[in-house]
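Please look at the model below before reading on. My points follow, numbered.

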Amino acid sequence: MRRRKAGVADEKNLRAALAKRDLELVSVDERSPDGTIVATANRLHVVPDPDGKPLYAPIPVTLRIQCDERGNVRTVAGETPEAAAIADAARFVKSLADNRQLAAGEGPVPPGATHQVEIDAKGRRILRRRRFSAL
Amino acid sequence: MKKRVSKRAAKASASKTISTWEDDPGSVDQPTGGRLVQRPAPNLSQVPLPTSISNPHRAPAAKLYAPGTPEFRYWAAADALRRGSDYWGALLPGVAWEVGARLPVDLDHGVDLNAYYDRVGLRFFHGTAGGRTLYSGESPDVVCHELGHAVLDSIKPQLWDAASIEIAAFHESFGDMSAVLTALQLPSLRQTVLTETGGVLYRSSRLSRLAEQLGWAIRQDYPTAVDRDCLRNAVNSFFYRDPDTLPSSGPAATLSSEPHSFSRVFTAGFFEALAGMLKARPARDVANLLQVSQDMGRILVSAIRRAAVVPTFYSQVAANMLQLADAQFKGYRQAMKSAFVRHGIVSPAAAVTIPTSVAHARVTSVQPRRLPTVELSVPEYGLGVDSISVHAAAEPKRFEVAGAALAVGSVEPPSEDDAAKSFFEDLMRRGRLKVAGVARARAAISRPHAAETHETYTHELRREGKAIVLRRLRIDCAF
């Protein structure tokens with residue numbers, strides 16, 4: 001068996017490299033022999049929160065990642081979501097709040113809620129889906 | 001705790017028969033009246049897409065039980081889970097659950113009139129309404145809706161966290177589409193719905209009415225929160241709107257940007273497409289309905305996989321579906337195009353550009369009669385003509401007024417040309433324009449519920465001299 005290449009050829013390392021850029025890797029969609037990786041990720045972007053505090057919402061982006069010979073990330077293209085996607089995320093948060101689908105605090109998600117705010121290692125408030133519901 | 005199912009037990013249950021609801025315990029606006037059917041006892045641990053009921057921990061003996069008993073509820077849920085896994089699994093070879101090898105299912109997670117998929121598994125609940133206790137996991141519609149979330153999460157996990165109204169709504173729509181398509185795998189339901197609708201599938205029916213019993217329960221406390229005859233009806237007249245222009249919530253009779261509410265636009269387009277696809281088949285019978293349900297599932301999952309994850313996700317999926325449709329069966333694309341255009345999911349112009357553009361012929365104008373005419377440029381509709389003449393409401397205005405915008409102030413009044421173009425496109429969207437004879441018939445948008453014994457177009461394109469003119473044929477008051 002061939003040994004795996006070190007660096008971002010390993011998805012775990014790629015995930016960590018992207019996390020430093022506020023990108024959460026969702027899937028690696030394509031790998032080219034020249035070291036280009038096409039991946040789907042979520043960009044954590046600040047949107048207005050009904051509480052008035054900064055809230056980071058995951059916004060889908062498609063990335064083209066160039067790696068060096070050792071497999072480390074050299075450049076990342078496509079990491080900035082379009083303005084329409086950011087506006088959509090802001091409306092989505094408002095819709096969640098208006099419909100009481102955004103639960104305050106930690107612990108079990110109350111009936112009807114689908115999302116919660118999670119505090120990450122940097123102390124940021126991140127919007128997280130917990131489930132889908134039938135109504 | 002891991003549940004063990006011995007090979008002997010699995011073999012024994014496979015040879016036995018259980019009783020379940022065809023699609024739901026309720027019927028129309030009542031909590032009861034669902035149709036009972038007998039089915040071979042399912043084996044949940046089998047591939048594809050195995051599931052595992054973790055609560056209750058022990059499976060009751062596989063035999064016929066009376067509705068209202070825990071044993072009946074167990075097998076009703078198990079049969080729906082197996083049917084959903086078999087249906088989607090056949091279309092998605094090699095796909096595994098996002099949560100692991102088996103999808104855990106809790107049939108009574110507590111008190112709630114709801115059900116969830118939460119990346120741990122499926123959770124169903126019990127609740128009381130109108131003096132009656134009901135269980136969401138007893139409804140095959142609800143079970144297959146939740147299973148649909150898990151299936152979509154497996155093939156498009158990036159949708160899970162996406163902060164987007166339309167993407168969240170599409171997930172809900174996929175749940176409802178899963179309930180519809182899985183229900184159609186039952187021979188008895190196919191026969192029932194063909195009889196009930198007279199073969200015109202795009203009519204409110206047992207198939208289009210999703211989760212009647214749960215809808216009834218919610219309606220007892222919140223009369224306007226759900227449709228009047230079920231939780232959500234796939235036959236509806238909602239037309240696509242930019243979610244930004246919609247209120248965040250509202251009664252079920254109106255469209256809001258709340259994902260379950262907004263999901264109804266895509267579901268209606270899908271359901272109307274399904275009806276049109278059946279109409280395109282050689283016969284409207286149970287065999288062709290089964291084939292259509294499987295073709296639709298194949299087209300849907302392929303389109304979803306190809307669709308870009310963008311705020312306008314509906315149109316992305318629909319465009320991909322249109323591209324894929326005729327590869328399954330000639331005639332599907334036209335049916336699908338009509339359905340998506342009629343619900344505003346894609347515009348008529350966009351629909352004809354997928355996947356190719358068309359050549360056009362030039363025409364000239366005609367002399368005006370009572371109203372001034374304007375030349376409308378219409379190459380984008382695939383009619384085979386560059387422009388048409390229409391009689392425009394172009395007389396001088398007496399007052400400079402316009403309708404209210406949803407946000408603030410008035411909408412920008414359209415020019416006469418824009419108003420005429422808007423009117424023309426509206427005719428196309430509603431399937432009221434007869435184009436045959438002077439323009440390409442394949443540009444037409446059809447209505448699945450149009451009468452077959454007589455024409456119901458309100459307008460036609462007519463050749464007058466060298467021009468193609470839009471003429472009214474009749475005024476009607478039908479929907």
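Is the crossing of α3(B) and α4(B) left-handed or right-handed?

1. The crossing of α3(B) and α4(B) is right-handed. Helices are DSSP runs (H or I, at least four residues), numbered from the N terminus.

2. This is a predicted model; local features need pLDDT of at least 70, side-chain atom pairs need pLDDT 80 or more, and totals for chains, interfaces and linings use all residues. Residues are numbered from 1 along each chain as its sequence is written, while chains are lettered from A and ligands numbered from 1 in the order in which they are written.

3. Helix α3 of chain B covers residues 140–155, and helix α4 of chain B covers 165–183. Their axes come within 7 Å and cross at roughly 125°. Axes are lines fitted to C-alpha atoms over the stretch in contact, with angles from 0 to 180 degrees between N-to-C directions. The angle makes α3(B) oblique to α4(B). The classes are roughly parallel under 35 degrees, roughly antiparallel over 145, roughly perpendicular from 65 to 115, and oblique for the rest.

4. On the α3(B) side the contact includes C144(B), L147(B), V151(B) and L152(B). On the α4(B) side it includes F174(B), M177(B) and A179(B). Contact requires C-beta atoms, placed from the backbone, within 7 Å. The residues of this contact divide into nine nonpolar, seven polar and three charged. Ala, Val, Leu, Ile, Met, Phe, Trp, Tyr, Cys and Pro count as nonpolar, Asp, Glu, Lys and Arg as charged, and the others, Gly among them, as polar.

5. Helices α5 (187–197) and α8 (286–306) of chain B have axes that come within 9 Å and cross at roughly 110°. That makes α5(B) roughly perpendicular to α8(B). P187(B), R190(B), Q191(B) and L194(B) meet V286(B), L289(B) and L290(B).

6. Chain B is divided into domain 1 (7–351) and domain 2 (373–472), with bounds from an automatic or database domain assignment. Their contact takes 15 residues from domain 1 and 13 residues from domain 2. On the domain 1 side, α7, α10 and α11 of chain B each supply at least two residues.

7. Chain B averages a pLDDT of 86, on the predictor's per-residue confidence scale from 0 to 100. Residues 356–369 of chain B stay under 50, as do residues 394–414 of chain B.

How values were computed: Left-handed = near helix turned anticlockwise from the far one by under 90°. Contact = placed C-beta atoms within 7 Å.
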